[in-house]
Amino acid sequence: MEQIFFFQNCCSKEKKPLEIYFFIDPLCPQCWALEPILKKLHIEYGQYFRLRHILTGKLTALNIGKKRHENMAQYWERTASRTGMSCDGTLWLENPISSPYIVSVAIKAAELQGRKAGSRFLRKVQERLFLEKQNVTKMDVLVQSAEEANLDVEEFKNDLHADPAVKAFQCDLKITSEMEVDEIPTLVFFNENIEDEGIKVTGTYPYEIYVQIIQEMLPETPEPLSPPPLEVFLKHYQFVATKEVAVVYDWETADAEKELKKLMLQRKVEKIPAKHGVFWKYIG
């Protein structure tokens, strides 16, 4: 029962003492590479904070051109090799994205159905982009992602062309400017005292750094929750990388693969090879 409580607790609507702004560009592989750490933070300390995605448009604002496509391809490949979160840079050479603005508006349209719905949709878009090399600016790809994220698809399609989604993205850009966020990913930690400035963390750091910030911002030392059994974790998230499992459970990659293969032999997960590393799909 305690493990089920983790998921209920992290997703509850109760007011939490901290809020974290995650400044993100959906095309940024460094933001994608933060997924294992964010999952671990949610599991261990999710009862203390609420995460809010702020779309920055930092990568999408760059000029499109052949040289930029080559640079982006190399950037993706280097990031995947370094972080263990696979992304296939050949997308930029074979099926380059030319107008990424619509992706950010689509994420805001999904968020109109709730913050959790927006997060699920963002994850599906990232999977299609980084792993499947799909052009996520195309309407059919966005609609399929909405379906997989269990959104109300008709509502999503209507919102995609409505003012509230566009204005929500413009609001995110304004927040990015006001907080002088110049690099991504950036996390800004806020506590309940509106007079206190947030703590800005630009780039990626070891997990312990984020924990230290949470500890310093709370009046009492927070008690981390233990991760749930692996199968419960997989059932909740449905599709995860070996890297994500290894980080959440403090395992070496080989140990994570060993445990995941046990579940594969029980036909509870399916192994999905990627260009860099492996992902696992829960099939129950």
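This is a predicted model: local features need pLDDT of at least 70, side-chain atom pairs count only at pLDDT 80 or more; totals for chains, interfaces and linings use all residues.
Residues are numbered from 1 along each chain as its sequence is written, and side-chain values rest on heavy atoms, with hydrogens and water left out. Local features need pLDDT of at least 70 and side-chain atom pairs count only at pLDDT 80 or more, while totals for chains, interfaces and linings use all residues.

The sheet comes first. Its 4 strands form an open sheet in the order S2-S1-S3-S4, with mixed pairing. Strands here are DSSP runs of E with at least two residues, helices are runs of H or I with at least four residues, and both are numbered from the N terminus. Two strands pair if DSSP finds at least two bridges between them. Strand S2 (49-55) and strand S4 (199-202) sit at the edges with a single partner strand each, so one side of each has no neighbour in the sheet. On average, neighbouring strands are turned by 20° against each other, direction ignored. Strand S1 (residues 18-24) and strand S3 (residues 186-190) run antiparallel and pair over 5 bridges; within that pairing, Phe23 has Thr186 in S3 as its bridge partner. Helix H7 packs on the sheet, where it touches S1 and S2, and its direction makes about 55° with that of S2. Angles like this one run from 0 to 180 degrees between N-to-C directions, and axes are lines fitted to C-alpha atoms, for helices over the stretch in contact.

H7 spans residues 115-131 and includes Arg128. At 6% relative accessibility, Arg128 counts as buried (buried means under 20% relative accessible area, exposed over 50% and partly exposed in between, with a 1.4 Å probe and protein chains only). Leaving aside residues up to four places away in sequence, Arg128 touches Lys133, Gln134, Val136, Val141, Gln144, Ser145 and Glu148, where contact means heavy atoms within 4.5 Å.

Salt bridges are next: a search of the whole structure turns up 20 of them, each being a side-chain nitrogen of Lys or Arg within 4 Å of a carboxyl oxygen of Asp or Glu. Arg115 and Glu19 form one, at 3.6 Å from N to O. This pair links H7 to strand S1 across 96 residues. Arg115 counts as partly exposed at 37% relative accessibility, and Glu19 is also partly exposed, at 26%. Lys39 bridges to Glu244, with the closest N and O atoms 2.9 Å apart. Lys39 lies in helix H3 (residues 35-45) and Glu244 in helix H13, so this bridge ties together parts 205 residues apart in sequence. Both Lys39 and Glu244 are buried. Lys133, one of the contacts of Arg128, forms a salt bridge with Glu94, at 2.8 Å between the closest N and O atoms. Here the loop between H7 and helix H8 (139-148) is linked to helix H5 (residues 91-94), 39 residues apart. Lys133 is partly exposed at 25% relative accessibility, whereas Glu94 is exposed at 55%. Shared partners join Glu35, Lys39, Arg123, Lys124, Glu127 and Glu244 into one salt-bridge network.

Finally, helix H13 (residues 242-249) packs against helix H14 (residues 253-265) at about 105°, with the axes 9 Å apart. The two are therefore roughly perpendicular (angles of 65 to 115 degrees count as such, under 35 as roughly parallel, over 145 as roughly antiparallel and the rest as oblique). Thr242, Val245 and Ala246 of H13 meet Thr253, Ala256, Glu257 and Leu260 of H14.
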